[in-house]
Every structure is written in structure tokens, then in C-alpha cells.
Amino acid sequence: YPNGIAISADGQRVYISEFGTNRIISVPSKNAKDQREIAFAFAQFEGGIGPDGLAVDKEGNLYVAHFQAGEIVVIDASGFKYGMIRLPEGAGTFTTNLTFHNGYLYVTESAKNEVWRIKVKKEGLLPYGLQ
């Protein structure tokens, strides 16, 4: 079940969250400089149900709303887990989407219909359609 989609900071990859397999795949963009690059499993998750919305910061880190895990997983541009942002105790666990705006990461949670605003040090890329 492909779900979320984002473009890497350098424009060379397209990240696609595969909800049903609990992983993120990376596919070369049509403008990829290295035509030998192929699609591959970029990140695999444990727990929760699967990755949903995606966002990228200007340093190339990928932020993943991990559905039914109540967390945002941060993965560096090489596919290594960089960190995790857990929603506070008592928050819902159905993290669905996220976006950067003015020094904050906004996260939607659908079980309790919440929107969380989290102060971040990284600046996010504008979503592709707004660039």
C-alpha cells in the first residue's frame, strides 16, 4: 500500500512509504545523475502498522509519521535511523502526516483528531508542489 511520498533534498530520489510492508522504498528520480541507481528498501520499521506521511529537511533527513506507533522516525540521507520523536503520553498513536513551518514540525494524529506542534532545529523543505 504505497502511501506517503517525498523527494530527497538533492532531488535524486523519491521516497515512498509502503504502509503494508512497514518500510520506505527509494526510487531514482527521473533526473537522477547516476542512471545505475535502482529502487531499493531505504528503511524498515519495527512495531506500529506502517509509515504514512513523509517530509524532508534541508540537510536531507527524512521524517516519517509511523502510524500506530505514536512517533516520528528521522532517517538520515544514507538510510540510517537518526532519531525518533515520540508524541507525549496520552496522545493518540495514529500519526498520519507532517510538515515543517516556521521552526516547527506539525504532526497530525487521526485517532484523537489532534495536531501537534513540535519545535525543531532543522529547516524543512517546501513540499514539492509548493517549490
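## Basis and overall architecture

Helices (H or I, at least four residues) and strands (E, at least two) are DSSP runs, numbered from the N terminus. The structure is a predicted model, in which local features need pLDDT of at least 70 and side-chain atom pairs count only at pLDDT 80 or more, while totals for chains, interfaces and linings use all residues. Residues are numbered from 1 along each chain as its sequence is written, and side-chain values use heavy atoms, with hydrogens and water left out.

The chain contains 0 helices and 11 strands, and along the sequence its pattern reads β-β-β-β-β-β-β-β-β-β-β. Its radius of gyration is 14 Å, close to the 14 Å that the globule rule gives for 131 residues, so the chain is as compact as a globular protein of that length. This radius is taken over C-alpha atoms, and the globule rule is 2.2 Å times the number of residues to the power 0.38. The C-alpha trace spans about 45 × 30 × 25 Å along its principal axes. Of the 131 residues, 43% count as buried (buried means under 20% relative accessible area, exposed over 50%, and partly exposed in between, with a 1.4 Å probe and protein chains only).

A set of 4 strands in the order β5-β6-β7-β8 forms an open sheet with antiparallel pairing. At its edges stand β5 (50–56) and β8 (81–86); each has a single partner strand, so one side of each is left without a neighbour in the sheet.

Strand β7 (residues 71–75) pairs with β8 in the antiparallel sense over 5 bridges, and Ile 75 has Lys 81 of β8 as its bridge partner. The two strands form a hairpin with 5 residues between them, and Gly 79 in the turn has a positive phi of about 95 degrees. Strand β8 is hardly covered, as the count of buried residues among its 6 residues is 0. Val 74, by contrast, belongs to strand β7 and counts as buried at 6% relative accessibility. The C-alpha atoms of Val 74 and Asn 61 are separated by 6.5 Å, with the two residues 13 apart along the chain.

## Loop asparagines with positive phi

Most residues other than glycine have a negative phi. Asn 22, although not a glycine, has a positive phi of about 60 degrees. It lies in the loop between β2 (13–18) and β3 (23–28) and is buried, with a relative accessible area of 10%.

Asn 113 also is not a glycine and has a positive phi of about 55 degrees. Its loop runs between β10 (104–109) and β11 (114–119). At 69% relative accessibility, Asn 113 counts as exposed.

## The second largest pocket

The second largest pocket holds about 180 Å³ of space. On a 1 Å grid over the protein atoms alone, a cavity is a set of points where a 1.4 Å probe fits but cannot get out, whereas a pocket is an open set with protein on both sides within 12 Å along at least five of seven lines; lining residues have an atom within 4 Å of a point. Grid points are joined across faces, edges and corners, and a volume is the space filled by probe spheres set on the points.

The lining comprises 14 residues, of which Phe 100, His 101, Asn 102, Gly 124 and Leu 126 lie nearest the pocket's centre. Strand β9 (residues 95–101) supplies the largest share of this lining, 3 residues. By class, the lining has 6 nonpolar, 5 polar and 3 charged residues (Ala, Val, Leu, Ile, Met, Phe, Trp, Tyr, Cys and Pro count as nonpolar, Asp, Glu, Lys and Arg as charged, and the others, Gly among them, as polar).

Notes: Pairing = 2+ DSSP bridges.
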